[in-house]
Amino acid sequence: MTHPIDLIADLGVVPVIAIERAADAVALADALLEGGLPVAEITFRTEAAADVLAAMRDARPELCIGAGTVLDKASLKKAIAAGARFGLAPGFDPDIVEAAREADLPFCPGIMTPSDLTLAAARGVRLAKFFPAGVAGGPKALSGISAPFAHLGIRFIPTGGVTEGTIGEWLALAQVIAVGGTWIARTEDIREGRFKDISKNAAAAVKVARQ
Ligand code: 3PG
């Protein structure tokens with residue numbers, strides 16, 4: 001099986017998803033797979049997150065599923081039990097990073113400043129989420145913030161304010177392996193059953209990311 005981070009780097013884009021009902025999990029998985037995007041970050045912003053992960057794991061093992069918005073160790077534990085193969089968080093909590101490492105789960109904590117990055121790097125973090133990437137200043141800001149850490153080979157997944165139109169600028173940075181965002185599979189589109197639109201968004205994002 002491909003390592004989840006290699007798959008994410010290969011695709012160049014990760015859909016960040018807040019899904020409300022586990023009953024929609026398989027239809028959503030199919031929409032992403034149909035769009036050529038076999039990866040999903042299921043955020044722990046909804047009660048359904050763990051059930052969605054488990055439903056996707058059981059019904060569509062070809063989809064590489066991960067947990068997002070992992071804000072505490074209890075969520076991390078639930079995510080792993082439900083089949084998450086990677087995790088992300090908007091911020092850096094050394095205890096969560098350590099717990100993920102102990103569980104052998106590839107984990108990507110969030111950073112926004114050189115101080116965040118200093119602390120994360122000291123704990124061995126070599127893949128970080130740059131969040132919120134847009135309001136933090138875009139690709140120029142990430143270039144500036146990450147420059148003093150270049151010798152450590154830290155790589156980034158910018159999310160927050162990324163759009164289909166800005167994927168290219170982000171991926172032009174050597175230290176960016178992929179971008180993430182909610183525009184591909186919006187909560188309301190899932191709720192209203194607009195899975196065809198989700199497939200289209202996924203296909204369009206993958207196409208731009210590959211260019
Ligand atoms: C995330 O957690 O990655 C963000 O909420 C995504 O932000 P977006 O809605 O601007 O894509």
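Trainee: Which exposed residues does the face of α7 turned away from its buried side carry?

Mentor: That face of α7 carries the exposed residues K140 and G144. Please keep in mind that this is a predicted model.

Trainee: What makes a residue of α7 buried, and which residues are they?

Mentor: A residue is called buried if 20 or more other C-beta atoms lie within 10 Å of its own. In α7, the buried residues are L142, I145 and S146. They cover an arc of only 85° around the axis, and therefore they are on the same side of α7. What covers these buried residues includes α6 (114-122), β7 and β8.

Trainee: Why does T69 count as buried?

Mentor: The cut-off for a buried residue is 20 or more other C-beta atoms within 10 Å. T69 has 20 C-beta neighbours inside 10 Å, so T69 counts as buried. This residue lies in the loop between β3 (64-68) and α4 (73-81). Phi of T69 is near 50°, a positive value in a residue other than glycine.

Trainee: Why does D104 count as exposed?

Mentor: D104 has 8 C-beta neighbours inside 10 Å, so D104 counts as exposed. Its place is in the loop between α5 (94-102) and β5 (107-108). Phi of D104 is near 65°, which is also a positive value in a residue other than glycine.

Trainee: How do you know that the span of helix α10 agrees with its number of residues?

Mentor: The expected span is 1.5 Å times one less than the number of residues. For the 16 residues of α10 (residues 195-210), the span should be 22 Å, and the end C-alpha atoms are 22 Å apart, so the two agree.

Trainee: What makes the buried residues of α10 line one face of the helix?

Mentor: The buried residues of α10 are F195, I198, S199, N201, A202, A205 and A209. Seen down the axis, they fall within an arc of 165°, so they line one face of α10. Among the elements that cover them are α1 (4-11), β1 (13-17) and α2 (25-34).

Trainee: How do you know that A205 is buried?

Mentor: The cut-off is 20 or more other C-beta atoms within 10 Å. A205 has 26 of them, so A205 is buried. Leaving out residues up to four places away in sequence, A205 touches V13, L37, E164, I167 and I184. A205 and V13 are 192 residues apart in sequence, and their C-alpha atoms are 7.0 Å apart in space.

Trainee: What makes β6 and β8 the edge strands of the open sheet?

Mentor: The open sheet has 3 strands in the order β6-β7-β8, with parallel pairing. The strands β6 (110-111) and β8 (155-158) each pair on one side only, and they are the edge strands. A pair needs at least two bridges, and 2 bridges join β6 to β7 (residues 127-130). In this pairing, G110 stands opposite K129 in β7.

Trainee: What is the peptide bond that joins F131 and P132?

Mentor: It is a cis peptide bond, with omega about -10°. P132 is found in the loop between β7 and α7 (138-146).

Trainee: How many nonpolar, polar and charged residues has the shell around the ligand?

Mentor: The shell has 4 nonpolar, 7 polar and no charged residues. Residues surrounding the ligand include V16, P90, T159 and W183. Gly counts as polar, and G68, G160, G161, G180 and G181 are also among the surrounding residues.

Key: Residues numbered from 1 in each chain as written. Predicted model: local features only at pLDDT ≥ 70, side-chain atom pairs only at ≥ 80, totals over all residues. Helix = DSSP H or I, 4+ residues; strand = E, 2+ residues; numbered from the N terminus. Buried ≥ 20, exposed ≤ 12 C-beta atoms within 10 Å, placed from the backbone. Arc of directions from axis to C-beta. Contact = placed C-beta atoms within 7 Å. Near = placed C-beta within 6 Å.
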